[in-house]
Amino acid sequence: MLRYLYADELYQFPKLARSMFLDRADQFKTRLGWDVQINETGEERDRYDDLNPLYVIWEEPDGTHGGSMRFLPTTGPVMINDVFGHLTGGSPICSPLIWEVTRFCLSRRASSVVAGAIMLSGGEVMDGFGLTHIAGVFDDRMIRIYRLIGASPEILGSEGEGRNRVYVGLWPYSSADCERVAARAGVSRDLSRMWFNAAFAKGGQLRKLRSA
């Protein structure tokens with residue numbers, strides 16, 4: 001199942017949180033060789049994790065992480081402007097209607113449904129929070145994954161060569177795209193909406209991230 005959790009809520013799910021940051025270290029440092037920092041406990045974290053982002057996390061039946069990604073409003077500090085601003089034509093992406101998504105991560109044992117379900121959550125976040133777009137930074141391997149899932153972004157810019165090539169992309173909200181991703185992922189929109197609504201049933205959390 002998918003969980004939507006702010007950083008300050010992760011303490012309620014220590015096994016899920018711990019395995020997410022370990023899987024991030026495994027994917028980004030061990031497998032991809034990125035220049036990321038690993039802390040003394042073997043976890044990959046960066047300064048954006050300190051800004052109380054919203055995480056979307058696939059929880060396996062045993063309570064561990066299967067896959068995840070991270071959202072932050074572009075009205076505050078975001079990687080797409082702070083680190084990769086030169087790839088967006090010199091104009092920062094800054095709008096309450098556009099959030100950044102980063103750290104798309106899949107565990108080594110993730111099933112084929114996990115990537116699609118996580119991408120579908122991007123549509124649920126846009127729909128639920130009234131966003132027009134999400135923006136993201138991703139590497140070359142993700143081009144194929146996005147194409148297979150049915151969620152290819154508009155490419156704003158790129159740099160590097162081969163597996164080290166990095167892209168900045170923009171996904172507009174589209175109900176039709178959500179339905180296509182749902183069909184390819186094998187996750188119904190009803191189930192996807194149920195996961196989102198269960199996380200934000202109280203309503204207060206929606207206002208919390210809107211004002212972040």
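These are my notebook entries on one predicted protein model.

**Ground rules.** I number residues from 1 along each chain as its sequence is written. The model is predicted, so I ask pLDDT of at least 70 for local features and 80 or more for side-chain atom pairs, while totals for chains, interfaces and linings use all residues; side-chain values use heavy atoms, with hydrogens and water left out.

**Fold outline.** I looked up the secondary structure and found seven helices and seven strands in the protein chain. These are DSSP runs numbered from the N terminus: helices are H or I with at least four residues, strands are E with at least two. From the N terminus on, I read the order as β-α-β-β-α-β-α-β-α-β-β-α-α-α.

**Overall dimensions.** Along the principal axes, the C-alpha atoms fill a box of roughly 40 × 40 × 35 Å.

Of the 212 residues, 54% count as buried. I use under 20% relative accessible area for buried, over 50% for exposed, and partly exposed in between (1.4 Å probe, protein chains only). Contact means heavy atoms within 4.5 Å. Among contacts between residues at least 6 apart in sequence, 70% join residues at least 24 apart.

**Helix H6, residues 189–199.** I listed the buried residues of H6: Arg189, Ser192, Trp195, Phe196 and Ala199. They cover an arc of only 125 degrees around the axis, so they sit on the same side of H6. The arc is that of the directions from the helix axis to the C-beta atoms. On the face turned away from this buried side, I noted the exposed residues Asp190 and Ala198.

**Phe84.** I placed Phe84 in the loop between helix H2 (79–82) and strand S4 (98–106). Phe84 is buried, with a relative accessible area of 13%. Leaving out residues up to four places away in sequence, Phe84 touches Met79, Val137, Glu159, Val166 and Val168. Phe84 and Cys105 are 21 residues apart in sequence and 19 Å apart in space, C-alpha to C-alpha.

**Positive phi.** Most residues other than glycine have a negative phi. I found that Asn52, not a glycine, has a positive phi of about 55 degrees. Asn52 is in the loop between helix H1 (14–31) and strand S2 (54–59). Asn52 is partly exposed at 23% relative accessible area. Arg103 has a positive phi near 55 degrees. Arg103 lies in strand S4 and is buried at 11% relative accessible area.
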